[in-house]
Amino acid sequence: MRDIAVFTGSAHPALAAEICEHLEVPLQPARVDRFANDCLEVQLQANCRERDVYLVQPLVAPVQEHLVELLLMADAARGASAARITVVMPHFAYARSDKKDAPRISIGGRLVADLLVTAGADRVLTMALHSPQVHGFFAVPVDHLHALRELAQHFRGYDLSRVTVVSPDLGYAKSASAFARLLDVPVAAGAKQRFSDDRVEITSVIGEVADRDVIVLDDEIAKGSTILELLARLREQGARSVRVACTHGLFAAGALDRLAAQPDVAEIVCTNTVPVPHESVTDKLTVLSVAPVLAEAMRRIHNGESVSALFDTA
């Protein structure tokens, strides 16, 4: 069996270090420099020849900087004769650009997928893609993980006798239904229409939420406009309490502060696929680690074992 080598860029080194702890392998050093003309240079400072190389880098702000870092790391590993290069991208920001919904725009998700493959990626490991069809953008195998089990394990510590899981829209209802089955509770969904990146309208909630303890589940929270709109409808329909959960807690533009300031929001739960902004501190926030499941998926990929078997019970 060939050796494993794990590298990370500057996007989320804490997650990469935690993954390596679970794998019981060292996190290999990498150097990221900037030339006088503002171009980036990346050097992988450990041997890659005939090794199974894993590059851990979520695409988080500044997204373009971290994307170029990742492309340069993949190219460096390929040039160093790596046996196989797996991009471990816990958050694929461009997955939201998955369709041509206006004239003369780029389908950015497909373009970035092509760039990663061109740079040398032989395989991609990611989590909670915004749309499942983004799988098809990649010309290499993609292992798509989710954090529903980790989130469900957290909420099993509460009284679930009057809980309903609510998806903000019908597009995420399938994942919300799978999550509700893990908790053995009913599911509901918002009727949402999006007008722009930060303007949405939810006209109603389809399902029983009156006098229920609601867990709002989404794949990511950026500005939080969808969640705030949904909270207004839940109040109108008489929800008893609300907890908010997501996989990717981006919390851009003060979203965490706005959500925490809502008196009926008892808790905000996310995972560490992306670094949580440090400028906002609230005792309502709970961050769960996905390092164990990412590490186990990497181990299975390295050993040629099934990754989908991780979710046979989900």
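Student: Is Phe138 buried or exposed?

Tutor: Please bear in mind that this is a predicted model. A residue counts as buried when its relative accessible area is under 20%. Phe138 has a relative accessible area of 9%, so Phe138 is buried.

Student: How many aromatic pairs does the structure hold?

Tutor: There are three aromatic pairs. In one of them, Phe92 and Phe138 lie 5.7 Å apart, centre to centre, with 55° between the planes, and the pair is tilted.

Student: Which parts of the chain does this pair link?

Tutor: The pair of Phe92 and Phe138 links distant parts of the chain, 46 residues apart. Phe92 belongs to the loop between β5 (84–89) and α3 (108–119), while Phe138 belongs to the loop between β6 (123–127) and β7 (142–145). Phe92 is also buried, because its relative accessible area is 4%.

Student: What is the relative accessible area of Phe155, and what is that of Tyr158?

Tutor: For Phe155 the value is 1%, so Phe155 is buried. For Tyr158 the value is 30%, which means that Tyr158 is partly exposed.

Student: Which residues form an aromatic cluster, and which charged end sits over the ring of Tyr158?

Tutor: One aromatic cluster is formed by Phe155, Tyr158 and Phe179. Over the ring of Tyr158 sits the charged end of Arg243, 4.1 Å from the ring centre.

Terms used. Residues numbered from 1 in each chain as written. Predicted model: local features only at pLDDT ≥ 70, side-chain atom pairs only at ≥ 80, totals over all residues. Heavy atoms only, no water. Phe/Tyr/Trp six-rings, centres within 6.5 Å; stacked < 30°, edge-to-face > 60°. Helix = DSSP H or I, 4+ residues; strand = E, 2+ residues; numbered from the N terminus. Buried < 20%, exposed > 50% of the residue type's maximum accessible area, 1.4 Å probe, protein only. Lys NZ or Arg CZ within 6 Å of the ring centre and 35° of its normal.
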